Amino acid sequence: MDKILVVDDEDNIRDVLHNILTFNGFASLEAPDAKLALEIYRKATPSAILLDLRLPDMNGIEAMKEFKKIDPDVPVIIVTAYGDIPSAVEAIKHGAYDFITKPIYFEGLITTIKKAVEKFNLEKKVKELNKAFHTSLEFTLGNSAAIKKIIGQLHQIATSDYNIIIQGETGTGKTFLANIIHNLSKRSDSPFVKISIGSIPETLIESELFGYEKGAFTGANKIKKGYFEIANGGTLFWDDLNNASPFVQAKLLSVIEDKKVYHIGSTNPLKLDIRIISATNTDLKKDIKEGKFREDLFFRLGEFIIDLPPLRERREDIVFFSKKFLLDTCIELKKQNCSIQDEATNVR
């Protein structure tokens with residue numbers, strides 16, 4: 001049951017509002033002045049406040065500012081007489097949710113309260129989810145300042161369809177991070193397909209990427225799906241992007257621009273709905289200047305770029321991972337009282 005705090009110095013108004021709120025499924029809290037209202041608010045944390053502009057100990061706008069110091073998101077609905085409407089408008093400018101006039105139209109009041117409470121509870125839930133999101137990712141990725149920055153970036157782009165380039169040295173966890181992005185995305189129930197471009201011979205690249213029809217060439221005994229088709233609807237993770245030859249780069253650019261592929265031996269296009277996450281262990285901007293990588297492809301794939309620093313640049317995560325790996329090992333081996341001596345955790 002959502003709690004509504006009624007702040008008004010008139011006993012009869014508080015009593016009427018108490019009955020109306022209770023009848024409509026709310027718990028009613030009452031206070032005749034701002035001082036008591038603030039005490040009640042700190043203990044009870046209601047979902048909305050009905051606040052009279054004229055209180056015996058404090059101006060209503062000043063009282064609202066005090067409530068907002070405790071929780072900036074709490075919806076404050078100003079109760080005012082017709083003559084106080086300019087002041088009520090001023091309260092809106094300072095963050096009030098809405099205002100109602102006396103005599104109170106109760107049906108309209110309840111509608112306003114319900115909307116305010118719904119908005120407040122939704123924002124509260126989003127904040128809780130965001131906190132859980134950050135906490136769970138910190139437990140997975142680390143808690144250094146550099147990793148917290150990346151977690152903030154993930155929060156921004158995980159649910160989008162931006163193509164992403166992850167830049168980092170070998171061993172920094174680019175594939176692991178790409179998996180996390182996919183699992184947090186709206187495509188999480190669809191395939192996550194990894195291509196390691198350096199492991200595919202140039203002569204096979206087209207058939208591997210695009211697939212082929214039966215009889216398209218000698219040895220094509222049946223229809224074969226390519227990586228793009230397998231990943232359709234999901235995420236295609238393009239590892240070792242910096243190893244893509246000019247030929248492969250041109251093909252990839254064409255697919256991204258046209259959003260379709262053709263099986264070898266077919267003229268029927270397959271429409272693509274796909275997100276591409278790429279990984280590179282080199283500075284692609286430097287490769288562009290040296291003529292090794294296409295600038296137009298870089299901008300198509302790098303709608304968002306994440307720089308994943310090596311562990312030596314976030315040394316505070318060394319102890320974090322040491323303890324995490326030790327805990328995982330203890331659980332696997334069913335050992336108790338596993339710990340690292342303090343002397344071993346003095347990272348310099």
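Reader: In this predicted model, which residue in β13 stands opposite leucine 236?

Author: Leucine 236 has isoleucine 276 of β13 as its opposite residue. The two strands concerned, β10 (residues 235-239) and β13 (residues 275-280), run parallel and are joined by four bridges.

Reader: What is the order of the strands in the open sheet?

Author: The order is β7-β10-β13-β6-β14, five strands with parallel pairing. At the edges lie β7 (192-196) and β14 (304-307), each of which pairs on one side only. From one strand to the next, the twist averages 20 degrees.

Reader: Which strands does helix α7 touch as it packs on the sheet?

Author: Helix α7 (residues 174-184) touches β6 (164-167), β7, β10, β13 and β14. The direction of α7 makes about 150 degrees with that of β6.

Reader: How many residues does the largest nonpolar core have, and which of them have the most contacts inside it?

Author: This core has 29 residues. Those with the most contacts inside it are Phe228, Leu236, Trp238, Leu241, Leu252, Ile276 and Leu301. Several elements each supply at least two residues, among them β7, β10, α8 (205-210) and α12 (295-301). The element that gives the most is α10, with five residues.

Reader: Which residues does tryptophan 238 touch, not counting residues up to four places away in sequence?

Author: Its contacts, on that count, include Ile195, Ile197, Leu209, Phe228, Val248, Leu252 and Ile276.

Reader: Which strands pair with β4 in the parallel sense?

Author: Strand β3 (residues 48-52) runs parallel to β4 and is joined to it by four bridges; the bridge partner of aspartate 52 is valine 79. The chain passes from β3 through helix α3 (residues 60-70) to β4, a β-α-β crossover that is right-handed. Strand β5 (residues 98-101) also pairs with β4 in the parallel sense, over four bridges. Here threonine 80 stands opposite threonine 101 of β5.

Key
Residues are numbered from 1 along each chain as its sequence is written. This is a predicted model: local features need pLDDT of at least 70, side-chain atom pairs count only at pLDDT 80 or more; totals for chains, interfaces and linings use all residues. Side-chain values use heavy atoms; hydrogens and water are left out. Two strands pair if DSSP finds at least two bridges between them. A crossover is right-handed if, with the strands pointing away from the viewer, the path from the first strand over the helix to the second runs clockwise. Axes are lines fitted to C-alpha atoms, for helices over the stretch in contact, and angles run from 0 to 180 degrees between N-to-C directions. Contact means heavy atoms within 4.5 Å. A nonpolar core is a set of buried Ala, Val, Leu, Ile, Met, Phe, Trp, Tyr and Cys residues joined through side-chain atoms within 4.5 Å. Buried means under 20% relative accessible area, exposed over 50%, partly exposed in between (1.4 Å probe, protein chains only).
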